[in-house]
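Dear colleague,

Please find the structure below, with its sequence. My notes on it follow directly after.

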Amino acid sequence: MIHNQEDSVSELKKLSDEELIGRAKKFAKKYCVGEGKNFKLKNFSTIPKMNLGPEDKPLVKEALEQGVSALSTLQEILYAQDKWSLLVIIQAMDAAGKDGAIKHVMSGVNPQGCHVTSFKAPSAEELDHDFLWRCNRALPERGRIGIFNRSYYEEVLVVRVHEAILHNQKLPPQLITKKIWEERLEDIRNYEKYLDRNGTKVIKIFLHVSKEEQKRRFIERIDQQDKNWKFNSGDIKERNHWDNYMRSYEEMIRKTSTKKSPWYVVPADNKSYARIAIAAAMIKALDEMNLAYPTLAPEEMAKLMEMKEVLLQEK
Ligand code: ATP
Ligand code: MG
């Protein structure tokens, strides 16, 4: 993990796994909100604390590769131990880089041990249930990493910004009161506490992109033919609600960021840097589980040795 521009690729290569994890944790802390009570979005920038230019590309590349490799080592132990699971929730405005981040950060991880779920507008079947239902079904099993590309947090974001959606949710009308957002935030907070108490660690990433950078990326999607497919005319409409979204994000983070299930507000105007920050947050969460390979009881070990003997005697 990079700390400042004075770091060099060769220096990074020399780090032991332990040093790398230590650095990743320090790096992640910069963007970790922790207890959200006093959270203000304006205190978090969309640009990295470090001033990274094109000349820093090799350094950034090396840092991400190292992060992914540490992640892969920790994931193997998570899988072998088969007790904890990690849920990483990613929320962001359009074009903030969710898809690319998931692709790059998970690139070195054993696909058997992780699962990505993308949540779009709910289907008729999903609307026939409470809002946590579809997410609950997609939770990672023990020993696995689950990534939610959008999540139940949309219920206090897009649904809050466009109240018409709320009225189409088939809720009993007397439950739709002024307090509904407060209630949903409280339900989410309690749900994540419940998950944590059952061995699913939840971390939440807000890819914090600026309105100017979103504009630049939208124009790029229009100008570059191979990016046209990513452009959705509806995204422009959402952009017009920017301030309203930011207010909703701020309150959401204030009410649902806790020590155990923190939000990370990751500067996302630089995509590579954001990916390193996500890897770092995941490394921090996994390291805090104090993972260890399961060890065998002496009798079981003795049995293994017997079996080895049988194999060696085979003709
Ligand atoms: P991309 O980067 O490919 O655009 P995306 O996550 O924006 O990825 P889309 O298919 O464009 O994917 O958008 C999914 C849409 O579904 C978003 O606009 C999101 O707000 C909406 N959505 C997700 N959950 C809900 C929900 N519970 N209620 C209403 N809309 C939702
Ligand atoms: Mg979209």
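The model is predicted: local features need pLDDT of at least 70 and side-chain atom pairs count only at pLDDT 80 or more, while totals for chains, interfaces and linings use all residues. Residues are numbered from 1 along each chain as its sequence is written, and chains are lettered from A and ligands numbered from 1 in the order in which they are written.

Five bridges join β4 to β5 (residues 263–267), and the two run parallel; strands pair if DSSP finds at least two bridges between them. Strand β1 (residues 85–92) is also parallel to β4, joined by eight bridges, and V88 stands opposite I203 in β4.

Nine of the nine residues of β4 (residues 200–208) are buried (20 or more other C-beta atoms within 10 Å of the residue's own, with C-beta atoms placed from the backbone; exposed is 12 or fewer, partly exposed in between). In a regular strand, side chains alternate between the two faces of the sheet. In β4, T200, V202, K204, F206 and H208 point one way, and K201, I203, I205 and L207 the other.

Yours sincerely

Note on methods
Helix = DSSP H or I, 4+ residues; strand = E, 2+ residues; numbered from the N terminus.
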